[in-house]
Amino acid sequence: MRKYLLFLVSISVILFASKAFAQEENEAILTTTLTYPDTLVSSVVAAQNGLPILVTQKDSVSTEVLNTLQQFGVTKIYIIGGPAVVSEKVEDDLTSMGYDVVRIWGMTRFGTACEVAKYFWPNGSEKAVIVWDQLDKPTQSLESARLVAQAKEIAISEGIPLLLVPKNVMPPEVSDTLKFLDVTKVVIVGDVGQIVKDELSNLGITVEEEITGNFREIARKVKNKIIERLRNLKDKALIVIAVGNWSDVCNAPYAPGNS
């Protein structure tokens with residue numbers, strides 16, 4: 001299994017398998033191999049719209065990714081993330097190949113999640129998931145990725161946006177996005193600070209549920225929500241993984257086909 005997952009990472013391809021890929025204009029999402037938030041935030045959109053997710057290195061698109069785009073007859077690509085993680089060269093190369101490329105991004109990971117929410121929920125959303133996301137550091141990237149991965153399961157199960165916040169700061173772009181979407185209630189995942197909760201209150205937003213504690217406690221609480229979602233799926237897949245790094249956390253749910 002571990003060998004198989006490393007193969008997935010090496011070819012830099014992630015396929016979302018929960019829905020059939022059958023849009024009128026075949027679309028795909030492209031994210032970065034450099035860090036996890038854009039891929040996990042995008043996975044909510046992928047689940048809702050039946051889109052495949054592929055990951056690329058910053059400055060080049062692998063042959064495997066290009067082959068996959070061709071295999072699915074993709075005509076439109078959403079690049080999620082700024083030029084710092086997916087370069088303008090990649091965007092230009094894909095455009096020159098004839099793809100309709102739309103880049104969705106903000107100045108930070110928090111801003112990018114906001115732009116994704118506004119783009120794919122243009123009519124708003126009564127509810128959203130807010131998760132505490134720590135900036136990447138070698139000692140915490142896996143823990144953070146696992147927490148965001150748990151939060152995105154809730155967002156997927158309810159078809160609602162996933163927004164990221166630091167522990168004790170409410171970024172202005174997140175506040176603006178909550179207002180843009182007309183959100184009235186949120187689920188908080190992780191030990192978000194009181195400052196964030198006070199800002200939510202000021203916006204007139206109710207905290208419907210807080211899923212807090214250490215990772216094991218949070219995973220246990222989210223597990224029941226995931227199980228409930230799986231019960232409603234016609235095609236069920238069981239994925240078993242020994243997590244080595246954040247790439248595994250991102251890749252595992254998107255193993256192609258049912259395993």
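1. Aspartate 182 sits in the loop that links helix H7 (172-181) to strand E7 (185-189), where helices (H or I, at least four residues) and strands (E, at least two) are DSSP runs numbered from the N terminus. The phi angle of aspartate 182 is near 60 degrees, a positive value in a residue other than glycine. Most residues other than glycine have a negative phi. With a relative accessible area of 56%, aspartate 182 is exposed; here buried means under 20% relative accessible area, exposed means over 50%, and partly exposed lies in between (1.4 Å probe, protein chains only).

2. On the basis of these points, the model is a predicted one, in which local features need pLDDT of at least 70 and side-chain atom pairs count only at pLDDT 80 or more, whereas totals for chains, interfaces and linings use all residues. Residues are numbered from 1 along each chain as its sequence is written, and side-chain values use heavy atoms, with hydrogens and water left out.

3. Aspartate 191 belongs to the loop between E7 and helix H8 (194-202), and its relative accessibility of 31% places aspartate 191 in the partly exposed class. Not counting residues up to four places away in sequence, aspartate 191 touches Trp132, Lys167, Thr212 and Gly213, a contact being heavy atoms within 4.5 Å. Aspartate 191 and aspartate 133 are 58 residues apart in sequence, and their C-alpha atoms are 10.0 Å apart in space.

4. Valine 207 lies in strand E8 (residues 206-211) and, at 28% relative accessibility, counts as partly exposed. Leaving aside neighbours within four places in sequence, the contacts of valine 207 are Val186, Ile188 and Leu200. From valine 207 to threonine 184 the C-alpha to C-alpha separation is 8.8 Å, for residues that are 23 apart in sequence.

5. Strand E3 (residues 76-80) is mostly covered, with five of its five residues buried. In a regular strand the side chains alternate between the two faces of the sheet.

6. Strand E1 (residues 27-32) runs parallel to E3 and is joined to E3 by four bridges, two strands being paired if DSSP finds at least two bridges between them; the bridge partner of glutamate 27 in E3 is lysine 76. E3 is also joined to strand E4 (residues 100-104), by five bridges and in parallel, and the bridge partner of lysine 76 in E4 is aspartate 100. Between E3 and E4 the chain passes through helix H4 (residues 88-96) in a right-handed β-α-β crossover, that is, with the strands pointing away from the viewer, the path from the first strand over the helix to the second runs clockwise.

7. For the protein as a whole, there are ten helices and eight strands, and buried residues make up 51% of the 259 residues. Among contacts between residues at least 6 apart in sequence, 72% join residues at least 24 apart.
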